[in-house]
Amino acid sequence: MSITGCEESNIYIDSNVETLLISSCVNCTIFVAAVNKVCTVEKCEKVTIIVAANSIRIGNCIDSLVHCYVPTFGPIVYGDTRSLRLAPHNASYP
């Protein structure tokens, strides 16, 4: 699944997905219940993302907040990522 090029949006996905790509989003809030494999966030600006995933990659993002639950190891941050804030997962769902 991919979420690409969104602006000023609130996106809620309340089921699990296999993989997720969030790319080129600006001023968005994105909630995803669960990602079975890898969640990749790239080229985003001023986004808030709430996600539980097996792995999360964050690259080339600016002024973003990521609330994540990753059971194995921490997020992989790469590229020109600036002003990134990481926080614990803050949502519950059945």
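I take a residue as exposed when its relative accessible area is over 50%, and as buried when that area is under 20%. The model I am reading is predicted.

**Aromatic pair**

I searched the whole structure for aromatic pairs and found one. Tyr12 and Phe31 make up this pair, with 6.5 Å from centre to centre and 40° between the planes, which I log as tilted. Tyr12 sits in strand β2 (residues 10-17) and Phe31 in strand β4 (residues 29-42), so the pair ties together parts 19 residues apart in sequence. I then looked up accessibility for both rings. Tyr12 has 57% relative accessibility and therefore counts as exposed. Phe31, at a relative accessible area of 12%, is buried.

**Nonpolar core**

I noted 25 residues in the largest nonpolar core, with Ile3, Ile22, Cys25, Ile30, Cys39 and Val51 having the most contacts inside it. At least two core residues come from each of β2, β3 (20-23), β4, β5 (48-59) and β6 (65-69). I checked Ile30 separately, leaving aside neighbours within four places in sequence: its contacts include Ile3, Ile11, Ile22 and Thr48.

**Salt bridges**

I found two salt bridges in the structure. In one, Lys37 joins Glu18, and the closest N and O atoms are 3.4 Å apart. This pair links distant parts of the chain, as Lys37 is in strand β4 and Glu18 in the loop between β2 and β3, 19 residues apart. Lys37 is partly exposed at 45%, and Glu18 is partly exposed at 43%.

Arg82 forms a salt bridge with Asp80, where the closest N and O atoms are 3.2 Å apart. I logged Arg82 as partly exposed at 42% relative accessibility, and Asp80 as partly exposed at 43%.

Definitions and conventions:
Residues numbered from 1 in each chain as written. Predicted model: local features only at pLDDT ≥ 70, side-chain atom pairs only at ≥ 80, totals over all residues. Heavy atoms only, no water. Phe/Tyr/Trp six-rings, centres within 6.5 Å; stacked < 30°, edge-to-face > 60°. Helix = DSSP H or I, 4+ residues; strand = E, 2+ residues; numbered from the N terminus. Buried < 20%, exposed > 50% of the residue type's maximum accessible area, 1.4 Å probe, protein only. Core = buried A, V, L, I, M, F, W, Y, C linked by side-chain atoms within 4.5 Å. Contact = heavy atoms within 4.5 Å. Salt bridge = Lys/Arg side-chain N within 4 Å of Asp/Glu carboxyl O.
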